[in-house]
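Please read this briefing alongside the structure shown below. The points are grouped by topic.

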Amino acid sequence: MGCGVSKSNQFHKHSRKAAVLIQRWYRQYVARTEMRRRYTWHIFQSIEYSGEQAQIKVRSYCFSMRSVCYAVFSHQTELENRVYLAGNLISHIFRENDVCWDTEWERYFCYKNIEVPEVYSGPHLTFPLTVEQAVGLLEAFRNKKQLHSRYVLELLLETWKLLRLLPNINRISTCQSKEVTICGDLHGQLEDLLLIFYKNGTPSLEKPYLFNGDFVDRGKDSIEILLILFSFMLVYPCDVYLNRGNHEDHIINLRYGFTKEVLTKYKIHGKRILKLLQKIFSWLPLASVIDQKVLVLHGGISDSTDLGVLAKANRHNVRNTHARILSKSTDSVSSDTTKDEWRQILDVLWSDPMNQDGCMPNEVRGGGCYWGPDITEDFLNRNNMQLIIRSHECKQEGYEFCHNRKVLTLFSASNYYDVGSNRGAYVKLGPDLVPYVIQYQASSMTRELTARQSVGRTERSALKVLREQLFAHKSDLLCAFKKFDSKNTGLVSLNDWASAVESVMHLNLPWRTLRCQLVACKTADGTIDYCDWFNELHIDQSLLETLYRHRSTLETIFRIVDTDNSGFISMEDFRQTWKLLSVYLKMEITDEDICNLAVTIDSNQDGSIDIDEFMEAFRLTDKKSRLERGRSMFMGTASDLTKLEDDPSV
Amino acid sequence: MAPKKDPKAPAKKAEPAPAPAAAPAPAPAPAPAAAPAVDLSSVKIEFSADQIEDYREAFGLFDRVGDNKVAYNQIADIMRALGQNPTNKEVNKLLGNPSAEDMAQKRVEFEAFLPMLQTIINSPNKAGFEDYVEGLRVFDKEGNGTVMGAELRIVLSTLGEKMTEAEIDALMTGQEDENGCVNYEAFVKHIMSV
């Protein structure tokens, strides 16, 4: 019927129109979400890398302030004492003090007189380790048990003995049709390691594994991850391989959480464990080569990377990889290790690939370099290889190819920046040497959120972090704005605002795009009242506020000052530390303020400050819970601090 | 920074027949600006300096190679990220109806992108809340303010610029009630509240 046909035509036309409308809208939504995700990612990554760089700056500042400190301290009342103490303090921080032989150290690390109490409910280890014990350890950690320090030390000692026998470059082969499983950064995230073992099986003779560095820091179970990896390595020394990462370095650990984790979990023997780990880290192999064709290392290469040089270097002499940049002396590197070897090791641990040809220093990280596709091509040809697998950079999908698929970045810590931020991945490599990637995401929170909620959450926490950073740089920002505002109107154009902010923050973020999230006050013609803006960023001016904002730097300095790793610093050290920090940050804090603060923090009035208690007040340990519970960290009075101590949920 | 190349003028395409009935033109007005051959060099840029800087920054966010350009297959998304709502078809027209290989390989720099964006902004295809509700009312068989989720899914995956199952799932999450129905006014409010 004519009627029927035209009616259905009409319907079809309308339904098509409706479909297209919705599809267009949906694609717009996806594109806008993707953009938000990208700049959120940028924020986290920029802050992470600039944190690493700040770490170096703090150290180098402390070092260069040496002479100033003498001057500052000499104005104190107890002159000689202070000068002596300060001098000692500063030089002790930067001196590497182990001239003992290995045998002497073995005696120091002896575990034999450590008693395991009856009430201990964790696993008991006997050596040589068996696979049942290694698997048992895995189970125990899954059930949130802690390994007793006696067994920790024993296990670490055995590990140390094994590592000393290993070459700088592991040689792995996929003969007998074995597939090697390669994992990237784990960063203390036990859930991810358990997930990998669940999906892929635990290490065994048939299932060799290679772990590509950065096992520790940031996540809360770094020591457990190490213990698991080491125990499997002891059971299967020819089938479990470890590469060193840039976080296998005790100076980095001071800032990024591993030191604190160990001292918190092992209150009595933590120091000894950390000292032993320092040595173990320096003995970790630098790289691995599979079937002579695939190079696996943590950071990357540079235009001068030479496997021959790396194979012959004394790798254990490079204990912390940043030192040479700062110190004028060669304290941290013995004379056996040449400058070239040292620099090559740094490149291997810190470099990042870039898309342009060439090779240039990696100023963002402060170590290693950026290397281009031409360098990859050249290196692979010279060494008759076909692929480089590296880690070191978080990738949203857990992995990313670049340089014409000749470089593969692999990252195994899912939800790294925040819940839902990224997946993790591991790679299986068989005799055909074609990488087969498996992705995953540790699920505790993610499945409950839709993609949109997940992006929203991550975005909110990124912006919060960014606002804190901006406010922490208030005085520098004010200076920068004033430069653009010669007539002192209090206003700057949008362009000038973006330039000024970037010139101070150096985060290379899309400030214009972020502007609507960061600036609410704007005049009709689009200029920004910068004083209003600072008020809007709304952070209380109290001293505790200031401490909170600079907590990472503060904690780093604390831990450097706490040279015997006791977890305590004296009141005097605290005062001097704070003085250093306030000079570094160009802030005005009176001595009286510091004294008052120090007294309130020393809650049991015994003249020393428990670092952990102090920083715990800022809830550093659990980043996630801080974000999830959304509780305000801003406390006005000292009594709040003591109240928190009794709060069981803190 | 890569040296600037001359902006590419996309090849002028032959004029198609006036848009057929099924084309995505909501009004009976003449076909939108994209239908006749597009001469991008004659498009007058009407953006303010501030807007251009905003767009330039967003453009940079999508540049994954570092050559200050983006791939053809990213253009539609950048425009959407900037608040526009082009169909893939409209964007393809602007790019000169490139092949699938061109879409993946060819790249566009910012100066060439601006006239494309201007063209899309100038086109009269703006849909508002009412248009979406009207569009969905078509499926409201009982006239009670709801549509069947299942029917919507079929339509979205078979008509127009088809969506994949994963995309549809993401869109419809939490929208269907226990009978599988979607209240479309609420749905439109939801989709417009990005």
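**Two chains in contact**

In this predicted model, 51 residues of chain B are in contact with 38 residues of chain A, where contact means heavy atoms within 4.5 Å. Residues are numbered from 1 along each chain as its sequence is written, while chains are lettered from A and ligands numbered from 1 in the order in which they are written. Local features need pLDDT of at least 70, side-chain atom pairs count only at pLDDT 80 or more, totals for chains, interfaces and linings use all residues, and side-chain values use heavy atoms, with hydrogens and water left out.

**The interface**

- The size of an interface is often given as the accessible area lost when the parts come together.
- Chain B and chain A bury about 4200 Å² between them, and 61% of this is on carbon and sulfur atoms; the area is what the two parts lose on being put together, found with a 1.4 Å probe and summed over both.
- The rule finds 16 residue pairs in polar contact across the interface, both residues being at pLDDT 80 or more (a pair of N or O atoms within 3.5 Å; within protein, one must be able to donate a hydrogen and the other to accept it, and residues adjacent in sequence count only if both atoms are side-chain atoms).
- It also finds four salt bridges between chain B and chain A (a side-chain nitrogen of Lys or Arg within 4 Å of a carboxyl oxygen of Asp or Glu).
- B:Glu167 and A:Arg27 form a salt bridge through their side chains, at 3.7 Å from N to O.
- On the side of chain B that touches chain A, the elements giving two or more residues are α1 (49–62), α2 (72–81), α6 (129–137), α7 (149–158), α8 (165–172) and α9 (184–192).
- α1(B) gives the most to that side, with seven residues.

**Chain A and its helix α15**

- Chain A has 27 helices and 18 strands, which are DSSP runs numbered from the N terminus (helices H or I, at least four residues; strands E, at least two).
- Of the 650 residues of chain A, 56% count as buried, meaning under 20% relative accessible area (1.4 Å probe, protein chains only).
- In helix α15 (residues 373–383) of chain A, the buried residues are A:Ile375, A:Thr376, A:Phe379 and A:Leu380.
- Seen down the axis of α15(A), these buried residues fall within an arc of 125°, so they line one face of the helix; the arc is that of the directions from the helix axis to the C-beta atoms.
- A:Asn384 follows α15(A) and has a positive phi, near 55°.

Note on methods
Buried means under 20% relative accessible area, exposed over 50%, partly exposed in between (1.4 Å probe, protein chains only).
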